[in-house]
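Keep the sequence and the 3D view open as you read.

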Amino acid sequence: MTLKDGQDRKHDYLRISVTDRCNLRCIYCMGEDGIEQSSHETILSYEEIMKVVSAGAELGISKIRITGGEPLVRKNLVELVRMIAQVPGISDLAMTTNGTLLPRYAADLKKAGLDRVNISLDTLQADKYRKITRCGSLDEAMKGIEAALEHNLEPVKLNTVLIKGINDDEVLDFLHLALEKPLHIRFIEYMQIGDHDRAYSGHYLPLSFIEETAKKADLPLTPVPLPGGAGPAESYNIPGGRGTIGLIHPISKHFCESCNRLRLTAEGSLKACLYWQDEKPVRPVLHNKEALQNLIREVLAGKPVEHQMAANGKCGTVSPGTMRGMSKTGG
Ligand code: SAM
Ligand code: SF4
């Protein structure tokens with residue numbers, strides 16, 4: 001079965017936020033004191049999440065990404081992975097994580113059916129990592145990357161938010177990392193979402209900066225298909241490199257026309273677009289599969305043509321839809 005939105009875009013991808021809690025406090029995602037956390041009762045249980053997954057799979061959802069907050073801080077996450085992996089029709093199960101808890105869980109996650117991970121890493125310098133995450137250890141994140149490679153959670157992609165004045169001096173180091181290791185570095189444009197402590201102001205840099213830096217350093221970026229599907233990323237190889245470089249520009253070259261994503265927030269709302277306020281709670285219809293499937297269709301029928309930052313026509317425009325932090329919605 002094919003699930004389509006009001007613009008005839010095929011939707012086969014559900015991103016599930018399993019928690020809004022996190023063991024880090026990244027400057028672009030949360031305030032220093034974290035966020036106002038949802039209580040355990042308001043967060044969807046695994047049984048409730050499974051109802052949405054099963055109903056969605058019957059309608060044509062085949063890809064699932066588990067995200068958050070930090071998904072690995074939620075108890076028994078391996079069990080959720082095991083349950084999702086067994087749902088007929090789910091052919092790709094991925095997770096976005098900061099990686100710091102992967103040394104503990106990577107082996108069990110793989111056995112439970114997780115296909116691959118994206119690990120967030122914005123710097124290769126220990127002091128800067130602590131500054132960006134406010135409390136994290138680069139050593140732990142790097143061990144998480146090693147654990148992902150060791151347990152074949154591949155392709156292992158690194159999510160790197162380009163932050164002007166903070167990590168734009170490390171672009172070449174990341175390019176060299178993709179030359180030396182089988183890692184797929186995906187640079188992401190900094191989005192004004194949540195905008196805690198006005199961190200965004202002055203720190204946005206379009207990803208053309210990556211292409212210019214590579215060119216100046218004589219590291220030609222050659223377009224390639226990425227194993228495991230590139231999603232909205234434009235993927236490139238550097239000749240002789242073991243990994244690849246991906247560029248995700250939600251702002252300077254938005255990819256709304258090919259968007260195939262639906263989101264389930266930790267508190268149980270379906271959202272068709274990350275940047276719009278509109279969302280519909282699933283709890284009232286969870287007891288009835290048909291009503292739940294109708295709700296999924298209804299949410300997609302109302303999906304905007306393009307996201308609010310694009311619709312406003314300006315980079316980083318402040319609008320109500322962008323003020324809910326990523327950890328709340330699920331990045
Ligand atoms: N805790 C996990 C992690 O950090 O990978 C998963 C959740 S996190 C919200 C998902 C992704 O959103 C991360 O790769 C993070 O870098 C990205 N993100 C958060 N806030 C962002 C922002 N303002 N602009 C661009 N990316 C952002
Ligand atoms: Fe936590 Fe991920 Fe947000 Fe960083 S980006 S604070 S690791 S949820």
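The model is predicted.

Start with helix 6 and helix 7. Their axes come within 10 Å and cross at roughly 75 degrees. Angles of 65 to 115 degrees count as roughly perpendicular, so helix 6 and helix 7 are roughly perpendicular to each other. The table lists what each helix brings to the contact.

| Helix | Residue range | Residues in the contact |
|---|---|---|
| Helix 6 | 171-180 | Val171, Leu172, Leu175 |
| Helix 7 | 208-216 | Phe209, Ile210, Thr213, Ala214 |

Six residues of this contact are nonpolar and one is polar. None is charged.

Which residues of helix 7 are buried? They are Ile210, Thr213 and Ala214. An α-helix has 3.6 residues a turn, so residues three or four places apart point the same way. Lys215 and Lys216 are exposed, on the other side of helix 7.

The buried residues of helix 7 have several packing partners. They pack against helix 6, and also against strand 5 (157-162), strand 6 (184-189) and strand 9 (244-248). After helix 7 comes Asp218, with a positive phi near 60 degrees.

**Around ligand 2**

Now move to ligand 2. Cys22, Leu24, Arg25, Cys26, Tyr28, Cys29, Gly69 and Asn98 surround ligand 2. By class, this shell holds five nonpolar, two polar and one charged residues.

Definitions and conventions: Residues are numbered from 1 along each chain as its sequence is written. Chains are lettered from A and ligands numbered from 1 in the order in which they are written. This is a predicted model: local features need pLDDT of at least 70, side-chain atom pairs count only at pLDDT 80 or more; totals for chains, interfaces and linings use all residues. Side-chain values use heavy atoms; hydrogens and water are left out. Axes are lines fitted to C-alpha atoms, for helices over the stretch in contact, and angles run from 0 to 180 degrees between N-to-C directions. Helices (H or I, at least four residues) and strands (E, at least two) are DSSP runs, numbered from the N terminus. Angles under 35 degrees count as roughly parallel, over 145 as roughly antiparallel, 65 to 115 as roughly perpendicular and the rest as oblique. Contact means heavy atoms within 4.5 Å. Ala, Val, Leu, Ile, Met, Phe, Trp, Tyr, Cys and Pro count as nonpolar, Asp, Glu, Lys and Arg as charged, and the others, Gly among them, as polar. A residue is near a molecule or strand if one of its heavy atoms lies within 4 Å of it. Buried means under 20% relative accessible area, exposed over 50%, partly exposed in between (1.4 Å probe, protein chains only).
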